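Keep the sequence and the 3D view open as you read, and look up each part as it comes along.

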Amino acid sequence: MSVKRREFLKGTVLVAGATYAFIREVKGHTFGSVLIEPQGSADPILFDTGEVLSIAAVAAQIIPTTAHPGAAEVGVVVHINSRATEDAALLPQYQEGLASLDKNAKEQFGIAFYGLDFNKQQSLLKEIEDSTFFAVIRRHTLEAFYVSPVGIFVASGHRAGTTHAFCSANEGFPDVDKKPTI
Amino acid sequence: MAQNEKVDVCIVGSGAAGGSLSLALAEAGLKVVVLEVGPWWNPLTDYIHNPLEMPGRFRWNMPVTQVGDRVGRAPHSSWGVGGGMNHWTAAVGRFEEEDFKQETLEGMGADWPFAYADLVPYYEKAEAQLGVSGSTSGATPGYVQGNPPNPPHELFYANQLLKRGFDKLGIPSYSGSVAINSRIYKGRPACNYCGGCMMGCPIGAKANTAITHFPQAIKLGVEVRPRSYATQIRMDSRGRARSVVYFDAQGVEQEQEATLVVAAGWTIESPRLLLNSATSQFPDGLANSSGLVGRGLTCILGGRIRGTYDEKVDGFRGFNLNNLESRHFYKTDSKRGYWGGWTFEASSTGHPLSYANQKGPLWGHDLVRHMATFRNNGALSVWGRATVSLDNRVTIDDSVKDEYGIPAAKITYRFSDNDHKLSQEARKRGEEAFEAAGAKDVWSDGPTRGSYWLGGLRMGSDPTESVTNGHGQTHDIPNLFVVGPMLIPGAVAIQPTLTIVALGNRIGEYIANNRQEF
């Protein structure tokens, strides 16, 4: 079911809040990416709340949060929603993949995928890691993370500018012939 | 169809070929119109170093069918005034003397219709126009040396380590030539080493005919028409090129009459234009009496070696290619058991999004561990001489048409066994260099086609074995010319852009000096 962005955010906060409390109680896991405000995007959200939570959970498995931020800290859902808005074939692909993932979760563990603990989620994803669906969500998760200022900083130790990937505009690396100092 | 006032020369394409040619013609006083399918980018506002955004902006959404080793859609070279020079790495170098007589010396491809020495003055002019930075001495003995106007760039830290590996193995290497300013040159700034060359240079330190040629050409009267998609070269009743038909930015069909027409677009699109312009007099396409239009398409064999050091090297800093070069293995060595050779060019680590996929579809903590090596990684490219085959070619695909109903191009290309052998050894030698440099985790991939297409409208002395003569003039139609990498009849392992600019200068001079004959 498609909802407008504002309605989606409101609903998501409520649902995610409830889910968050449940999950935290069970395994201390969060879905930070669900709550990221879309940046400059007015695209209607194409996914329902359960799908949003599942996407966020899969993304957090693909780039887990460690001592450094992971996919949970950037707007993966928003990015995937944008991709699905641009390419109509993606939405059914996502919906089928997520439904299948949920079905497996319920058959094996009795609850939805996003409600499972980290290790159980990981074991279910290993079963589908060679699938087309997993390749797509992996690609989109990497796009969202490593093109974001957060991901670039985690990878390179440098802060991206508005037009440059690794530095503020026109600043560059005049010390390129020297051993990195940071 | 809207008609335009007749000009002396109509050039299709505004990249290295169209840019250099248009300036040479304008300097001789000819009236020139340049048709460019893409927009005129504003470097400060349009070049965004975002790998999700910029490649899409640069890519012309024109279908190209592929069969052979690769199937599906081909990435198109970038469009816009400047052509591929918007996204090029700006690695440059003169071809080797032997490249000009490859058939005679090595039985491969075809000889050029002129010698290296004939192109030297035009190479020098091209180096000055582009502001090449590089060594004027120190290249490997036995190999040609350019005459760059700017000093070489310092070796980047990652490449200082890699050079130690080459030195240990006795492989000569040096700061390579790039068309990127090492100092302020002709009003353009020195490189700031931001690392984003392939997504456009916002400061103009990297050469691009949009800033190195067209400003002067326009002052001299050249008219550049962006967003103009050429679909046909029309002929007159005497079998001479009469005009170019194109769709303008509003989709209005226009006709530009000219005394002389030049196909100077991309290596894939120029044969397509000639083939799609077939008439009853030229039923197999224009200038195709030899049957060679589209044939002899040749890539430069690409490959990449990566090595991870114990220390951070931040190999993403600096321009993307050829800060360190070696042509030590360029020439054929019969002891290696295959034809051809390769060039080593140190390359950038690239963007994290690309690096994340370097070791397969990793995810989870495996991916996190891999990405923790990003700052410690160095990279080296190999560019190999590919087997030249007339079976590798561009044709038109009647089953795939563009929005105007014009058949798209089809690329048929297969690597040879020789290509695989060459690529395998090149990568092995590169891995040895990284290991000698102290890298612990070393891996490579290839062969790939690289980004450079050569051939397809080859030049030569014999009209039955080539499409044009040594001045890019088609054998069949005296006022139809070709300029670009399509002319190159053999294989090389050096980026062709400097040579394309040299050819543009040389052919421009020829046209200007012989204008009365057209």
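**Helices that cross in chain A**

In chain A, helix 2 and helix 4 (residues 90-109) pack with their axes 10 Å apart, at an angle of about 80°. An angle like that makes helix 2 of chain A roughly perpendicular to helix 4 of chain A. On the helix 2 side, the contact is made by Glu51(A), Ser54(A) and Ile55(A), and helix 4 of chain A brings Gln95(A), Leu98(A), Leu101(A) and Asp102(A). Sorted by class, this contact of helix 2 with helix 4 of chain A has three nonpolar, two polar and two charged residues. Please bear in mind, here and below, that this is a predicted model.

Helix 2 of chain A (residues 49-62) also meets helix 5 of chain A (residues 118-127): their axes come within 10 Å and cross at roughly 85°. Helix 2 and helix 5 of chain A are therefore roughly perpendicular to each other. Here the contact is made by Ala57(A), Val58(A) and Gln61(A) of helix 2, together with Gln121(A), Gln122(A) and Leu125(A) of helix 5 of chain A. The residues of this contact between helix 2 and helix 5 of chain A divide into three nonpolar, three polar and no charged.

Now step back to chain A as a whole. Which elements is chain A built from? It has seven helices and zero strands, and from the N terminus on the elements run α-α-α-α-α-α-α. Of the 182 residues in chain A, 42% are buried. Among the contacts in chain A with a separation of 6 or more, 59% are between residues 24 or more positions apart.

For a look at the end part of chain A, find Thr181(A), in the segment after helix 7 (149-156) of chain A. Is Thr181(A) buried or exposed? Thr181(A) has 7 other C-beta atoms within 10 Å, so it is exposed. From Thr181(A) to Val147(A) is 34 residues in sequence and 23 Å in space, C-alpha to C-alpha.

**Where the chains touch**

The contact between the chains takes 36 residues from chain B and 32 residues from chain A. On the side of chain B that touches chain A, the elements that give two or more residues are helix 10 (352-355) and helix 11 (365-371) of chain B. Helix 11 of chain B gives the most to this side, with four residues. By class, the residues on the side of chain B that touches chain A divide into 22 nonpolar, nine polar and five charged.

**Two helices of chain B**

Turn next to helix 12 of chain B (residues 417-437). Its 21 residues should span 30 Å at 1.5 Å a residue, and its end C-alpha atoms are 31 Å apart, which agrees. The buried residues of helix 12 of chain B include Leu422(B), Ala426(B), Arg429(B), Ala433(B) and Phe434(B). What do the buried residues of helix 12 of chain B pack against? Their partners are helix 6 (157-169), strand 9 (298-308), strand 11 (342-347), strand 12 (377-385) and strand 15 (441-448) of chain B. Just after helix 12 of chain B comes Gly438(B), with a positive phi of about 100°.

Helix 6 of chain B has 13 residues and reaches 19 Å from its first C-alpha to its last, close to the 18 Å expected at 1.5 Å a residue. Among its buried residues are Tyr157(B), Leu161(B), Leu162(B) and Phe166(B). The cover over the buried residues of helix 6 of chain B includes strand 10 (321-326), strand 11, strand 12 and helix 12 of chain B. Helix 6 of chain B is followed by Gly170(B), whose phi is positive, near 75°.

**Backbone details in chain B**

Ala90(B) is not a glycine, yet it has a positive phi of about 70°. You will find Ala90(B) in the loop between strand 4 (72-73) and helix 4 (102-106) of chain B. Ala90(B) has 29 C-beta neighbours inside 10 Å, so it counts as buried. Finally, a cis peptide bond joins Gly446(B) and Pro447(B), with omega about -5°, and Pro447(B) has its place in strand 15 of chain B.

Key. Residues are numbered from 1 along each chain as its sequence is written. Chains are lettered from A and ligands numbered from 1 in the order in which they are written. This is a predicted model: local features need pLDDT of at least 70, side-chain atom pairs count only at pLDDT 80 or more; totals for chains, interfaces and linings use all residues. Two residues are in contact if their C-beta atoms, placed from the backbone, lie within 7 Å. Ala, Val, Leu, Ile, Met, Phe, Trp, Tyr, Cys and Pro count as nonpolar, Asp, Glu, Lys and Arg as charged, and the others, Gly among them, as polar. The expected span of a helix is 1.5 Å times one less than its number of residues. A residue is buried if 20 or more other C-beta atoms lie within 10 Å of its own, exposed if 12 or fewer, and partly exposed in between; C-beta atoms are placed from the backbone. Axes are lines fitted to C-alpha atoms, for helices over the stretch in contact, and angles run from 0 to 180 degrees between N-to-C directions. Angles under 35 degrees count as roughly parallel, over 145 as roughly antiparallel, 65 to 115 as roughly perpendicular and the rest as oblique.
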